[in-house]
Amino acid sequence: MTRTTGRFLDIRRDPHSGELLARGGDAEAHSILQRAGFVAVVRLHESYHRAPAGLTEDEESRLAINAVGRLRAVGCHVDCDEPFDTDARPAAYPTLGASVSHLAERLREATDTAEAAAILTELTAPHDGILAGFEETLGALAEFFDGLGDASDPYTARRLRYLADEYVRVIHSDLAHTRERLADRHAPHPGRRACTEQVPDHEPERSAVCACPPPPRALPAPAPPPIGATHLRR
C-alpha cells in the first residue's frame, strides 16, 4: 500500500532548545499524539506538537516512547531519536468520537426521511443524546475550574457555561426541529434506494449483479467561448 505524506512523522528533541517535538502526520496521527499526552501548537506558518510543560526528561521520554508505539501500531511511519524507539505496539480501540462519526456514515446511506430522523435522534434525544451529554460535560468541566484555584479559573468556568447555554443549546434546538420535520415527511430520498441485490429476469446484461442504475456521470465543463466572441460586432 502506498503511504501518503500525512503518515510520516518525526518525534525528536530539538537540537537547539532541547524541547521534545513531534512534526508531521495527518489528523489521525494528531489525535494519537494528543491522546498520548502531547500538546498541539498552531502557528501562522507551521503546526506541531510538544510535550507538556513541567515534565522531567524521563517523563518526556516515556511520553515519546508511548506515542511512537501507538502511531506505528496504526501504520504511521515514525522517525525518532534512538531513546524513543520501541517495538511495542499497543492495542488500538475505537474512540468515542469514532462512534459518533459512524452516524455520518449511516446518514450517507439513509434512503428515507424516517431513517435519517432515527439517526438524528442519537444527537438530539433530550435525556441521553450526544448533545445533551456534551452540554453536561461542559457543565462538569466548569465545576472543575470553579475549584481549581488560579485567578483566571472562574472566568474559564463562566466561559464554559456560556458556551453550553448560548451555543450548544441553540445547536440542540435547531437540530431537534430538523429531526421533527424529517419525522413528519415520510418520504424516500429521490437519489437513494436500498439495493435488493436482485437482477430482474428481463435484464439484458449477463454481467449485472443488481438492478441499481449506474451512478450519474458528471457533466463535462462547458467549452470556453471563442476569443473575441464577447465583443459586439460593429
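I looked up the largest pocket and got a volume of about 310 Å³. The model is predicted, so I note that this value and the others below are computed from predicted coordinates.

Next I asked which residues sit closest to the centre of the largest pocket. They are I32, R70, A92, Y93 and T95, out of 15 residues that line the pocket.

I then checked which elements give two or more residues to the lining of the largest pocket. These are α1 (27-36), α2 (57-73) and α3 (96-109). The largest share comes from α1, with four residues.

I sorted the lining of the largest pocket by class and found eight nonpolar, four polar and three charged residues.

From there I turned to the fold. I listed six helices and five strands in the protein. Along the sequence, I read the pattern as β-β-α-β-β-α-β-α-α-α-α.

I also looked up how far apart in sequence the contacting residues are. Among contacts with a separation of 6 or more, 50% join residues 24 or more positions apart.

Last, I looked at burial and surface. The protein has 234 residues, and 22% of them count as buried, taking buried to mean under 20% relative accessible area. I noted an accessible surface of about 17400 Å² for the protein. Carbon and sulfur atoms hold 54% of that surface.

Conventions
Residues are numbered from 1 along each chain as its sequence is written. This is a predicted model: local features need pLDDT of at least 70, side-chain atom pairs count only at pLDDT 80 or more; totals for chains, interfaces and linings use all residues. Side-chain values use heavy atoms; hydrogens and water are left out. Buried means under 20% relative accessible area, exposed over 50%, partly exposed in between (1.4 Å probe, protein chains only). Contact means heavy atoms within 4.5 Å. Accessible areas come from the Shrake-Rupley method with a 1.4 Å probe; for residues, only the protein chains shown count as cover. On a 1 Å grid over the protein atoms alone, a cavity is a set of points where a 1.4 Å probe fits but cannot get out, and a pocket is an open set with protein on both sides within 12 Å along at least five of seven lines; lining residues have an atom within 4 Å of a point. Grid points are joined across faces, edges and corners, and a volume is the space filled by probe spheres set on the points. Ala, Val, Leu, Ile, Met, Phe, Trp, Tyr, Cys and Pro count as nonpolar, Asp, Glu, Lys and Arg as charged, and the others, Gly among them, as polar.
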